[in-house]
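Subject: Structure for your review

Dear colleague,

Please find the structure below, together with its sequence.

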Amino acid sequence: MKKLEDYIRCIPDFPSKGIMFRDITSVIQDPDGLKLAIDSMIEAVRDVDFDVVVGTESRGFIFGMPIAYALGKGFVPCRKKGKLPCETVTASYALEYGTAEIEIHKDAIKPGQKVLLVDDLIATGGTIEACAGLVEELGGEVVKILFLLELAGLKGREKLAKYDVTSLITYEGK
């Protein structure tokens, strides 16, 4: 029986020399890999008390939606700026060269709601930190942050030190 790690494709020198890119498309294109990933993520939060799942664009949607469905919870997309049709709240975060913005609908999180944040990967932690800030701005409580992969060498977990963070697979490098 294959382990989740066995489905991750590693591509050397992408997007630049010296980087070992951890590709999750090889996980989600394989029916057994996809099932194992989703089932493992669900198991990791089965005993967590939460009301709603928030997934970050775009791979947080891939993993967050089936978790919400399987556990009978709602799903809230956290999107790139300008993609949501109703009134939103927005947060900026740092990229390697510049900044980016994400947003969620202003009415998506109710005060006091317990929130599970989901994304495919934690690298520097900027995107998910910004998303957590939006949830808290709307009065929600981030009770858990869940990732499929973690690139520990980029120290993103340090930005999220005040949260309960779980990664199913951790790679020590970048």
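Is Asp23 buried or exposed? The model is a predicted one, and in it Asp23 has a relative accessibility of 6%. Because buried means under 20% relative accessible area, Asp23 counts as buried. This residue belongs to strand E2, which covers residues 20-23. The side chain of Asp23 forms a polar contact with the side chain of Arg9, at 2.7 Å. When neighbours within four places in sequence are left aside, Asp23 touches Ile8, Arg9 and Ile11.

Beyond its neighbours within four places in sequence, Glu129 is in contact with Lys159 and Leu160. Tyr163 lies 34 residues from Glu129 along the chain, and the C-alpha atoms of the two are 9.8 Å apart.

Finally, please look at the largest pocket, which holds about 1,200 Å³ of space. It is lined by 35 residues, and those closest to its centre are Leu121, Ala123, Thr124, Thr127 and Leu154. Both E2 and H4 are among the elements that each supply at least two residues of this lining. The largest share, four residues, comes from E7, a strand that spans 114-122. By type, the lining of the largest pocket consists of 19 nonpolar, seven polar and nine charged residues.

Yours sincerely

Definitions and conventions
Residues are numbered from 1 along each chain as its sequence is written. This is a predicted model: local features need pLDDT of at least 70, side-chain atom pairs count only at pLDDT 80 or more; totals for chains, interfaces and linings use all residues. Side-chain values use heavy atoms; hydrogens and water are left out. Contact means heavy atoms within 4.5 Å. Buried means under 20% relative accessible area, exposed over 50%, partly exposed in between (1.4 Å probe, protein chains only). A polar contact is a pair of N or O atoms within 3.5 Å; within protein, one must be able to donate a hydrogen and the other to accept it, and residues adjacent in sequence count only if both atoms are side-chain atoms. On a 1 Å grid over the protein atoms alone, a cavity is a set of points where a 1.4 Å probe fits but cannot get out, and a pocket is an open set with protein on both sides within 12 Å along at least five of seven lines; lining residues have an atom within 4 Å of a point. Grid points are joined across faces, edges and corners, and a volume is the space filled by probe spheres set on the points. Ala, Val, Leu, Ile, Met, Phe, Trp, Tyr, Cys and Pro count as nonpolar, Asp, Glu, Lys and Arg as charged, and the others, Gly among them, as polar.
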